[in-house]
Each structure stands twice: as C-alpha cells, then as structure tokens.
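Morning, everyone. Please bring up the model on your screens, and we will walk through it together.

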Amino acid sequence: MGTVVRITVDSPDDPVAAIRDAFARIAEIDRRLSDYKPDSEVNRLCRRRSILASDDLLRVLRASLDIAAESAGAFDVTLGPVIRLWREARRTRRLPEPAALIEAADRTGLANVQVRGREIALLIPGMQLDFGGIAKGYAAGEALNILRTRGFPRSLVAASGDLALGDPPDGEPGWRVEIRQFDDRRVLMEKNCGISTSGDTEQFVEIDGHRYSHIIDPHTLQPVAERLSVTVIAPEPILADALDTTLYVMPEAGRPALLGKHPDARAEIRRL
Ligand code: AMP
Ligand code: MG
C-alpha cells in the first residue's frame, strides 16, 4: 500500500501473535488491491479483463461503485490510466501531454465495469482500476476486525491518514486523535469508527510554480486545484476513506447531498 501501518493495543495480555495476524491481513489485502504490484489480483483483472474475484476485491469495488453513484462519478476507481500519468508527472516534474490525457481517459469509465455475482468484467482493453482512495481505510478496518476477534477490542490501526478505532483504552472515554488541517489542530476523542484525512500536505508536486494534488477531478482530468484538507469520521473506516477523497473532488454545492446520504458520518473541511 506504500504506507506505514501502526497498530496500538491496550491489553494486559500479550497481543504479539494477534498483531502479526492483523499485519498479515493487511498484506493479503495489499496483494489483492494494490495497483503497484504487477501480480496483484486487481492487476490480473486489468490484464485478463474478467475474473472470479475474491471477497476483498468485490467488497471494495462494490463500495467504490456505490460512492461513485452517490457522487455523480466524482469518486471514480476507473481513473487509473489518468492517475498514472499524473503520478509520472510527480516523478518527472513535467505535466502530462494533453493528447496523452485524452488517450488515457478513453480507457476509463464506470460504465465499463460490470459485476455479476463473483465475476468482474472490464468492458474495454487497457483499463486500470485504482483503489488508492479507499483501500487503506478498508485494510485498517479489516486489521481491527482481526484484533477484535482475537480478543483485543481496545485497539487502533493507523494506515498513515486512515485510522480504524476500536474500543477505547481501559478507563478512557475514547482514543485521543490529533487532527491537523493546515494551521488548525484539534484533538478528537473517538471510538469504534474510522477517521480519514485527505489533504495536499503530503502528496503534491509543484511545476512552474503551480501546485498539483494527487486527487483527480474526473470531469477535467486535472488534479483538484483547490488546496483542501478533508477529514471524515464515519462508523466504518472504508466509508471514511471513500468519503474523504470524494468530498475533496466534489464541488462545495454537492457535498451536503452526499453527506445527507450518510447521516452517521461527519466531515471537517478546511481550505488553505
Ligand atoms: P486519499 O488519500 O484517500 O484521498 O486517496 C487519494 C488516492 O485516490 C490517489 O492517490 C489516487 O490513487 C486515488 N484517486 C485520485 N483521484 C480519485 C478520484 N477522483 N476517485 C477515486 N480515486 C481517486
Ligand atoms: Mg480516501
């Protein structure tokens, strides 16, 4: 997943074996969902265009398609070919050629993904699914589930900006989580939820004095121009992760309607 995962457990018992299993679960999800690993399940799907998929891939794809439908396509996991061009731009510090962006966009489109039972089919060649906006939250939540079932409910899993919080430490009302949004710092006390932050503070590139974020607007094929920091607190970590990226992309006017569909989730959005 290209990220550091930290696990915190509060227990009088030795949690080492359970923590190992939780990390193994994250590695398993990474082998399935990573678009960086050539042999991942998702990359096999992209090459073969049709597979009988694992539960992990099906769950994350279904959740992604749900959020896509709720956001008029602002959250779009088929943007992989376009995202790869912008990743390349981050490395080379040269903007993608407009023609290359248009060619890549021809290989995207949510309507080109079909799910029937366990079968996932991609309807055109050269597609690339990218679960970078949702997989870390899912993985953190799954690791937390392992810890819970192994008898360590008072646990916290942090996959960089994506947190999965279990029961609070003994005698505490919640986990103390510091949220940094530009100059704004707040401490939250939360439990049994996911907290995800999407912002341009870590991943961006500056080309000709212009700052480009790692989140792409599917309508323009360009990185979102605004400098935002979006934190979402939701009952499920996968939802918190999907929503932070989606709210980052969506125009301000569309955000209340999306949040209205998730009354248990709340968002803190700051603009630089
Ligand atoms: P996050 O840090 O959770 O906001 O996720 C950012 C990642 O989501 C990026 O690095 C891309 O892999 C992916 N991504 C970028 N733009 C979009 C988009 N419009 N819809 C879905 N995923 C995206
Ligand atoms: Mg996200």
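Let's start with the rings. A search of the whole structure, which is a predicted model, turns up 1 aromatic pair. The partners are Trp86 and Tyr212, and they are stacked. How do we describe such a pair? We give the distance of the centres and the angle of the planes. For Trp86 and Tyr212, that is 5.5 Å centre to centre, with 25 degrees between the planes. Stacked needs planes under 30 degrees apart.

Now find the two residues in the fold. Trp86 sits in helix H4, residues 80-92. Tyr212 sits in strand S11, residues 210-213. So the pair ties together parts that are 126 residues apart in sequence.

The cut-off for buried is under 20%.

Zoom out to the whole protein. Of its 272 residues, 50% count as buried. Contacts tell us about sequence distance. Take those with a separation of 6 or more: 63% of them join residues 24 or more positions apart.

Next, the overall build. The protein has 8 helices and 15 strands. Its radius of gyration is 19 Å, close to the 19 Å that the globule rule gives for 272 residues, so it is as compact as a globular protein of that length. The C-alpha trace spans about 60 × 45 × 35 Å along its principal axes.

Last, surface and charge. The accessible surface is about 13,100 Å², and 50% of that belongs to carbon and sulfur atoms. There are 37 positive and 41 negative charges, and their mean positions are 3 Å apart.

Key
Residues numbered from 1 in each chain as written. Chains lettered and ligands numbered in written order. Predicted model: local features only at pLDDT ≥ 70, side-chain atom pairs only at ≥ 80, totals over all residues. Heavy atoms only, no water. Helix = DSSP H or I, 4+ residues; strand = E, 2+ residues; numbered from the N terminus. Rg over C-alpha atoms; globule rule 2.2 N^0.38 Å. Buried < 20%, exposed > 50% of the residue type's maximum accessible area, 1.4 Å probe, protein only. Contact = heavy atoms within 4.5 Å. Areas by Shrake-Rupley, 256 points an atom, 1.4 Å probe, with all protein chains shown as cover. Lys, Arg positive; Asp, Glu negative; His and termini not counted. Charge placed at Lys NZ, Arg CZ, Asp CG, Glu CD. Phe/Tyr/Trp six-rings, centres within 6.5 Å; stacked < 30°, edge-to-face > 60°.
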